[in-house]
Amino acid sequence: MGYVDEGEAGDIEARGAGEGDGEREPHPSDSLRTFGAVVQALREHAGLSRAELAARVQYSKHTVESVELGRRMPDEAFVERAEEALGNTGAIRKAARHLSRGEAGLAAWFRRWARLEREAVSLCTYECRLVPGLLQSEGYARAAFENGLPPQSEAQMEAQVAARLERQKLIGDRPNTPFDFVIDEHIVRRRLGGAAVTRGQLDHMLSFAELRNVSIQIMPTASECHAGLDGALALLETPEGKRLAYSEGQKNGRLIADSKDVAVLNQRYARLRSQALSPLDSVGLLKRIRGEP
């Protein structure tokens, strides 16, 4: 575990050492892929190899390849030189206007998983650090980001809060998709942001727990058994029946596609569910915590 299987998750392109690696996009956005496809199509139409185009635009062959594959954000000089080298049709300049590094407010390493979430036929989450993002209230999300270091600007924080709340629409928009959560008890007892924020967060979770496609289970602090000691994890199944997993640490996240590793994580999650309180008992615990002074 702890890697991206490139054969099965091939559009995550953040590997290797070489020229300009620091500028490569860890998760290509749709606009980067589209721009790259435009450059490649015009290059091939002109009968040029990547090396030949590289010579004309005064960049390396590796840079041309990275741009065409959507792994690198082209700078203004590349756009202008490529436009001139490939016929001055205006297509490259127009495509460049729509370039975006990814989704605002989402960490670069999380964007691929966020896209997969939108199409998943089931999603399971275990958390031992914070309330899962899909269940966070606005106040709780803001408190979480306010505690981040280094401090962020108001604009950055608001973009992150907005992105997190936008993600939550998945649950309401996909009533036929089951969303299962196992959460350590100490998380819902922690008063992040203060008593009022905590009460609002508990109310928010209880409202989600009323939905038929949502299951929330609390792992009791007093439990003598715990299958999730290796940390938080998320699991999903794609419409094609492919099972994938995601593990996140500080300043990084890993999409796990290897079938053997994913099978192990599914076993751990299944054991966690059996060790946690039932959904009904979990709701009762949340209500009791909510009622505490």
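Let's start with a count: 14 salt bridges in this structure. By salt bridge I mean a side-chain nitrogen of Lys or Arg within 4 Å of a carboxyl oxygen of Asp or Glu. Side chains of opposite charge can pair when their charged atoms come close.

Two notes before we go on. This is a predicted model: local features need pLDDT of at least 70, side-chain atom pairs count only at pLDDT 80 or more, and totals for chains, interfaces and linings use all residues. Residues are numbered from 1 along each chain as its sequence is written, and side-chain values use heavy atoms, with hydrogens and water left out.

Now some of the pairs. Take arginine 50 and glutamate 65. Their closest N and O atoms are 3.9 Å apart, and they form a salt bridge. Arginine 50 sits in helix H2 and glutamate 65 in helix H3, so this pair ties together parts that are 15 residues apart in sequence. Helices here are DSSP runs (H or I, at least four residues), numbered from the N terminus. Glutamate 65 is partly exposed, at 24% relative accessibility. The cut-offs: buried is under 20% relative accessible area, exposed is over 50%, and partly exposed is in between, with a 1.4 Å probe and protein chains only.

Arg43, Glu44, Arg50, Glu65 and Glu68 are linked in a network of salt bridges.

Next, arginine 129 and glutamate 127. Their side chains meet in a salt bridge at 2.5 Å, N to O. Glutamate 127 is buried, at 9%.

One more pair, in helix H8. Lysine 169 and glutamate 166 form a salt bridge, with closest N and O atoms 3.1 Å apart. Both lie in that helix, three residues apart, about one turn. Lysine 169 is partly exposed at 45%. Glutamate 166 is partly exposed too, at 46%.

On to the backbone. Which peptide bond is cis? The one from leucine 149 to proline 150, with omega near 0 degrees. Proline 150 lies in the loop between helix H7 (138–146) and helix H8 (154–173).

Then, positive phi values. Glutamine 58 is not a glycine, yet its phi is positive, about 65 degrees. Glutamine 58 is in the loop between helix H2 (50–57) and helix H3 (61–68). It is exposed, at 61% relative accessibility. Asparagine 88 also has a positive phi, near 50 degrees. Its loop runs between helix H4 (76–85) and helix H5 (91–96). Asparagine 88 is partly exposed, at 46%.

Conventions. Helices (H or I, at least four residues) and strands (E, at least two) are DSSP runs, numbered from the N terminus.
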